[in-house]
Amino acid sequence: MNFWYFLTALTLLSALMVVFAKNPIHSVLYLVFTFFCISGHYVLLNAQFLMAVNIIVYAGAIMVLFLFVIMMLDLRKNVPESKSNLTKLAGAVLGGTLLVVFIAATRHMNLGNGSGAIGAQTGMVESLGMILYKDYLLPFELVSVLFFVAMVGAVMLGKREAGERNF
Amino acid sequence: MNLSNRTKVLEQEEMTLSERIYLPAILGGMATTLKHFFQKPATIRYPEQTRYLGPVYRGMHILKRDESGAERCTACGLCAVACPAEAISMVAEERKKGEETLYREEKYAKVYEINMLRCIFCGLCEEACPKQAIYLRHDKMAPVFEDRNEVIFGKDKLVEKMDQRYLRDGWK
Amino acid sequence: MEITSTLFAAKAIYIGLIFAITLGVAAYSTYGERIVAAWMQDRVGPDRAGPFGIFQPLADAVKMFMKEDFIPANSSKWLFIAWPCLSMLTALLTSAVVPFGDKLDLGGGIEMDLQGIDVNIGILWVFGIVSLGVYGILVGGWASNNKYSLLGAIRAASQNISYELAMGLSIIAILMMTGSLSTKVIVETQQNGAGFLSWNIWSQPIGFVIFIVCAFAECNRTPFDLPECETELIGGYHTEYSSMKLGFYLFSEYINMFVSGAVMATLYFGGYDYPFNEVVEAQFGQNIAALVGVGALMGKALFFVFVFMWVRWTLPRFRYDQLMNLGWTGLIPISMFNVVWTGLSILIPTTFNLPAWASIVVSWSGIGVLLIGLIIYHGATSKKKTVALAH
């Protein structure tokens, strides 16, 4: 339990650092670290598969792409000096709404005897596979179709048109 | 535009299938290197082992003595004239009475110095010498020096020692 | 299983030992690399430090430590120092899930697996750690505040990401055959059967070729050593690194080599399995058999380290577009095909009630099918002749 508190504190701290870090690269690295902390939470929940997939997909692949993009952009030039009042207002409204939704959701959450219903094997690959390929087969396959469509779209966008020169 | 009539038409074909798979060529190359892996090395462990460099290798200079042990050099200066690097200098002296066993001719070199930093080991001194006095020995290289004070070799280092006489392979 | 204090101590000793062995093997790989290079080029190799030059790694380490530890002025200092260490960390972490041997009987009914952690996602763990290795290079190159380093780092990272895909697909074929992600189970399924005939290499020839090619790319070894290139990148992602920080980067490459050799042995060559291990176990007992198994795995891993060096001193490197072409249009489609064909090789014996060797026949016929497909593809795509003029 003590370890859980430590890990949670670390997660929150690094998540805050993502927002507060001035250098965008540091921000991304803090985000990677946050993913690691979340993976640690998965381990504590005995969900090893989720932990590994979280690291491979998010920390290992997506954040690398983030890094790529941020390294390539010249951020010092592109950052606007100060945001207009309208954007500030819109940001405040959006953030406030999200906060209200979160508070409403937590208020309705039943924190009682939830842990008893979950067995130790729930997070394991076998049970996860059984659930995905038996109970949720259609949504699972639909998601894969969605990925496929996204991939085709990316290829279409990235395709060089006739007569176009990129470099 | 044709600059010369030697233009060659190169027929460069596309890669064949086996070339496009890469693997046959890779395995062939690996077989070649594996064959060399078990072959005897072509190099040697140099300072401990040395190779025979031939009877005409131009190494360390030596001032020869004749059969009775008298120095052959007569300080004529032809070697110094021939030397393209101007590495050789000498001071001549007349042979005194009683020194016949030491020097063969009536004139001898009191000082004979070779600047080893200048010397290019071309062997022209050896060719110029009318008395067969200076040779570049084939079996020994000029030693390594670590100080600029050591680079001018005098007679003490150049004259042949009687107990270890130099004999070139071709002379036997 | 109760964690007893004996087991805990034994595990601690084991982990320390694996750590030391990995580092030692990596250190002597640098010496081995030079010896192999020398012998393949008909030379003698390093022989000055100690008898046969066996203290050469020590001398190299001293040299590395004694060099000036330089940090560029405008680099981000913290990342610049931290990232070589991370490179080492990711290289070492992988060995945690590699099963180095069978169970060891410690007496008193306590048995210890010769494996760091037996998680049921073992191979995914390897994957996750390997995908993190990209950061070591990418951020290290960025932190140097040098454009060439950054270019090298980006080149390295995109290479690693590209080849991770094909590597993952080739592992999926293995997972289909064993039905488990655990490395321990993968080894155990290869153990039943007649000696080395039940190793995965017999049923996964295509998968193994893909995996070893991807392992070369992941370790940044020739012919895929594009991250470092003097002519194009003034050195690569570690241009600004010096002293032991550079040493860490170079050293992690050798650790990666050893660990990927061990992983390859685990996945395709039966891990700690060796012919007649039942006989050895019956004759000399469980512990001796397990230790011989450790030796067998080490031997296999070291053989792969040798193959890494062998290839390095044979082949020139790929050009970058060739590398990307090979990864995306060569290896990934072939590994997709391999996944499908592996499914077929599992399905055919079960549906037609054929003996087990039928699946091996089916999987080897996959090579034939692949070749026929390649011939057709080649005939369709290749132009007959292009003529170039040379003056």
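Which residues does Met64(C) touch, leaving aside those up to four places away in sequence? In this predicted model, Met64(C) is in contact with Ser243(C), Met244(C) and Gly247(C). Let us start there and then move on to other parts of the structure.

## Met64 of chain C

Met64(C) belongs to helix α2 of chain C, which covers residues 56-66.

## A three-stranded sheet in chain B

Now turn to chain B, where three strands form an open sheet in the order β3-β4-β6, with antiparallel pairing. Strands β3 (88-94) and β6 (152-153) of chain B are the edges, and each has a single partner strand, so one side of each has no neighbour in the sheet. In general, the strands of a sheet are paired through backbone hydrogen bonds, in either a parallel or an antiparallel way.

You can follow the pairing strand by strand. Strand β4 of chain B, residues 107-115, runs antiparallel to β3(B) and is joined to it by seven bridges. One residue pair to look for is Met90(B) with its bridge partner Tyr112(B) in β4(B). On the other pairing, β4(B) and β6(B) are antiparallel too and share two bridges. Here Asn115(B) has Ile152(B) in β6(B) as its bridge partner.

How many of the eight residues of helix α10 (residues 277-284) of chain C are buried? The number is zero, so α10(C) lies largely in the open. Just after this helix comes Gly285(C), which has a positive phi of about 95 degrees.

The next helix is α11 of chain C, residues 286-312, and its axis comes within 7 Å of that of α10(C), with a crossing of roughly 140 degrees. From α10(C), the contact uses Asn277(C), Val280(C), Glu281(C) and Phe284(C). Their counterparts in α11(C) are Gln286(C), Ile288(C), Ala289(C), Val292(C) and Gly293(C). Sorted by class, this contact has five nonpolar, three polar and one charged residues.

## Helices α12 and α13 of chain C

Another helix pair in chain C is α12 (residues 320-351) with α13 (residues 357-381), whose axes come within 9 Å and cross at roughly 150 degrees. That angle makes α12(C) roughly antiparallel to α13(C), because an angle over 145 degrees counts as such. The crossing of the two helices is right-handed.

Residues on the α12(C) side include Ile334(C), Phe337(C), Trp341(C) and Leu344(C). Among those they meet on the α13(C) side are Ala358(C), Val362(C), Gly366(C) and Leu370(C). The contact of α12(C) with α13(C) holds 10 nonpolar and five polar residues, and no charged ones.

## Where chain C meets chain A

Finally, look at the contact between chains, to which chain C gives 18 residues and chain A gives 16 residues. On the side of chain C, helices α4 (122-143) and α5 (147-178) each supply at least two residues. The largest share, 10 residues, comes from α4(C).

What classes of residue make up the side of chain C that touches chain A? There are 15 nonpolar and three polar residues, with no charged ones.

Note on methods
Residues are numbered from 1 along each chain as its sequence is written. Chains are lettered from A and ligands numbered from 1 in the order in which they are written. This is a predicted model: local features need pLDDT of at least 70, side-chain atom pairs count only at pLDDT 80 or more; totals for chains, interfaces and linings use all residues. Two strands pair if DSSP finds at least two bridges between them. Helices (H or I, at least four residues) and strands (E, at least two) are DSSP runs, numbered from the N terminus. Axes are lines fitted to C-alpha atoms, for helices over the stretch in contact, and angles run from 0 to 180 degrees between N-to-C directions. Angles under 35 degrees count as roughly parallel, over 145 as roughly antiparallel, 65 to 115 as roughly perpendicular and the rest as oblique. A crossing is left-handed if the near helix is turned anticlockwise from the far one by less than a right angle, and right-handed if clockwise. Two residues are in contact if their C-beta atoms, placed from the backbone, lie within 7 Å. Ala, Val, Leu, Ile, Met, Phe, Trp, Tyr, Cys and Pro count as nonpolar, Asp, Glu, Lys and Arg as charged, and the others, Gly among them, as polar. A residue is buried if 20 or more other C-beta atoms lie within 10 Å of its own, exposed if 12 or fewer, and partly exposed in between; C-beta atoms are placed from the backbone.
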